[in-house]
2 protein chains.
Amino acid sequence: MLTAVIMAGGGGERFWPVSRRERPKQLLSIGGKKSLVQQTVDRLLPLCGAGGIYIVTASHLHDEVRKQVPRVPQNHIMTEPEGKNTAPCIALAVAHLRAAGADDDLVMAVLPADHAVLDDEEFRRTLERASRLVREPDYRDCLVTIGVRPTRPETGYGYIHIVDLRELDGLRFYRVHRFVEKPDRRRAEAYLRSGDYLWNSGMFIWRLKTIERAFEKHLPEVAEAMSRIREAVGTPHYWRVLRQEYFRIPSISVDYGIMEKEERIICVPASFGWDDVGSWSALGRLLPADRAGNVIQSEYVGVDTSNCIVYSDTGRLVATVGLRDLVIVDTGDALLVCHKDSVQRVREVVARLRDDERYRHLLHDRSGQVYEVTATAGARGA
Amino acid sequence: MLTAVIMAGGGGERFWPVSRRERPKQLLSIGGKKSLVQQTVDRLLPLCGAGGIYIVTASHLHDEVRKQVPRVPQNHIMTEPEGKNTAPCIALAVAHLRAAGADDDLVMAVLPADHAVLDDEEFRRTLERASRLVREPDYRDCLVTIGVRPTRPETGYGYIHIVDLRELDGLRFYRVHRFVEKPDRRRAEAYLRSGDYLWNSGMFIWRLKTIERAFEKHLPEVAEAMSRIREAVGTPHYWRVLRQEYFRIPSISVDYGIMEKEERIICVPASFGWDDVGSWSALGRLLPADRAGNVIQSEYVGVDTSNCIVYSDTGRLVATVGLRDLVIVDTGDALLVCHKDSVQRVREVVARLRDDERYRHLLHDRSGQVYEVTATAGARGA
């Protein structure tokens, strides 16, 4: 059996104005009928069962997460008092698993809640292969990361430089030479050509003991917090301890804090059709386009418009004239118009609104619309 | 005294989605507190008095026009059963003036209802000079057009090629060599340099007899319709006759049907700060811009945005990221995003909606918003 920990605490700021503090990206449906967190749970159920799925989310999202995935046991939904990136999030899950009696050999997969996967079967086969690997005597102390075979010279992802192909009972994997930050276009093209670079999916698999040792070695502060939280689970002091520890521990990613420092990292390659749904331009990859390259999810009239993404959850008519490479997102109380080259900078809008204390456009859409981006919305062609 | 005929029947399609069939451009306030037709009437009152102002509009706009300009006598508001361009519109006014007993020497100014004028005093001085001219024995049979001194190489206006400067009692005017269609950029720059080309404002002044003769000579069908309508004024047959005649007569502009064919055309030059408010890009000229060249009339957050026009009458927040040279117009039931180079093509959106019988976005904004574009709207800087 595999135990899955879903990280579902993100703010989804780059998906503003549809993504809001009270209903961020992972709780939205993008390109399907179900939300990303629901899809993630569904994808894992055949592999882990409901009892093998744990979710870490933010306090203010707890109730919505519970509502969206009722099959996950209530005490498997953990909340963080504040977001401190992925390392503390994973440590919190480890603390709870240990408190619940998990032993050293429990195999744990860590998965983001807000990614898109096309081939669920292949996804499960990949996790299975990786979990098999950390049960092998030679690899039981390894941290395993899932690397996705690139299909385009993507500059929005980090890469894994793989070396030293190995094979074990038909299972192929690599040693990780190093993790590479988001490259420029020229480098991304070279990575794609070389075949030696995979996309860093942010999905990990390891034995419980292995990740605990890694925390102790590379992030001792986090490891100490982890053990204090573990001791407090089930006591009346739990929330106070949790808040205290989270206040103290640094905000740090598992990639930077552990993976890049650890020696024994293995990469299992995957080809299950993956997208990190990192920004509005992802809709251009995930949803079908018309002949002019436009992805339209609204009432629409287009004149001389190509390669644009138009999304509305208001039922309003969107008309575009003479446009190229733009993203238009129309919600009840806010409208975003953004160049595709600038989609990462949407978070600057969110930051500006926060700085100006104009919170009403951050918390929730006052129009009361349902925030679902569905492929079946009434789109009209250009 | 001068008699003014205001042409107020236009559809304002290039100002969709704010301009709608039931409240087109001339009935909207753009850059001021009053609508364009109200501003036009106010501008003429000191010169013509309320009793000297006539308005020709469309049947379905009659009530709104009356409401907006209550000082204009009710029987001075004429309606056309259908729009047939400016020549029939002027003929209708002539028919009514004659039916009301006007004599050959009545001096009549024809003015569009939907233009912006900065200097009302200078505007009135110009009309006064022009009306003085057509009372002079040597010029009483001339058609006078107002030519605006160009201030930029505008490619959106027609031009008047002027020759043969004359002077009469300190009043300077020209003979019109020819009317020129909208030029390309290179030509517009040459026109601006030469000083021999003025913008064709579409404002005319003539004696009643002169324009009647011009209709008889150049547009005999319209002249005949004009005389039949004149005979029907005040009879029970009026509306039937009006509909019949309008059904028959050709749709033709006074520029094309008369001005370009007539010999005795005089141009009085003007410098009263004029704009035909022809498309959304006019807002960029009429309203103040921020340092990045953005004209903002909405709740707004801008990141890396320049030379854009953002207008909302919904109170919604508009956020822009990485944009140049765009027009964004946000109304209750429809949103327009358009490149500044394509503002003329907004009418293609309107045509498409009409062809598709999607009338609800053409008639009126179902949100029930007040359609006022005011310079005092709560704009926030970029």
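How many bridges join strand 15 (residues 309–312) of chain B to strand 17 of chain B? Four bridges join them, and the two strands run parallel. Here a strand is a DSSP run of E with at least two residues, a helix is a run of H or I with at least four, and both are numbered from the N terminus. Two strands pair if DSSP finds at least two bridges between them. One place to look is B:Ser312, whose bridge partner in strand 17 of chain B is B:Asp330.

Before we go on, a word about what you are looking at. This is a predicted model, in which local features need pLDDT of at least 70 and side-chain atom pairs count only at pLDDT 80 or more, while totals for chains, interfaces and linings use all residues. Residues are numbered from 1 along each chain as its sequence is written, and chains are lettered from A and ligands numbered from 1 in the order in which they are written.

What does each chain bring to the contact? Chain A and chain B each give 30 residues, where two residues are in contact if their C-beta atoms, placed from the backbone, lie within 7 Å. On the side of chain B, strand 16 gives the most, with seven residues. By class, this side has 17 nonpolar, five polar and eight charged residues. In this count Ala, Val, Leu, Ile, Met, Phe, Trp, Tyr, Cys and Pro are nonpolar, Asp, Glu, Lys and Arg are charged, and the others, Gly among them, are polar.

Next, follow chain A on its own. It is divided into domain 1 (3–275) and domain 2 (282–373), with bounds that come from an automatic or database domain assignment. The domain centres, taken over C-alpha atoms, are separated by 29 Å. Their contact takes 15 residues from domain 1 and 23 residues from domain 2.

Strand 11 of chain A (residues 265–270) is largely enclosed by the rest of the structure, because five of its six residues are buried. A residue is buried if 20 or more other C-beta atoms lie within 10 Å of its own, exposed if 12 or fewer, and partly exposed in between, with C-beta atoms placed from the backbone. Strand 7 (residues 143–148) of chain A runs parallel to strand 11 over six bridges, and A:Leu143 has A:Ile265 as its bridge partner. Strand 9 (residues 171–180) of chain A pairs with strand 11 in the antiparallel sense over two bridges; here A:Arg175 stands opposite A:Ile266.

Finally, find A:Thr151 in the loop between strand 7 and strand 8 (159–168) of chain A. A:Thr151 has 12 C-beta neighbours inside 10 Å, so it counts as exposed.
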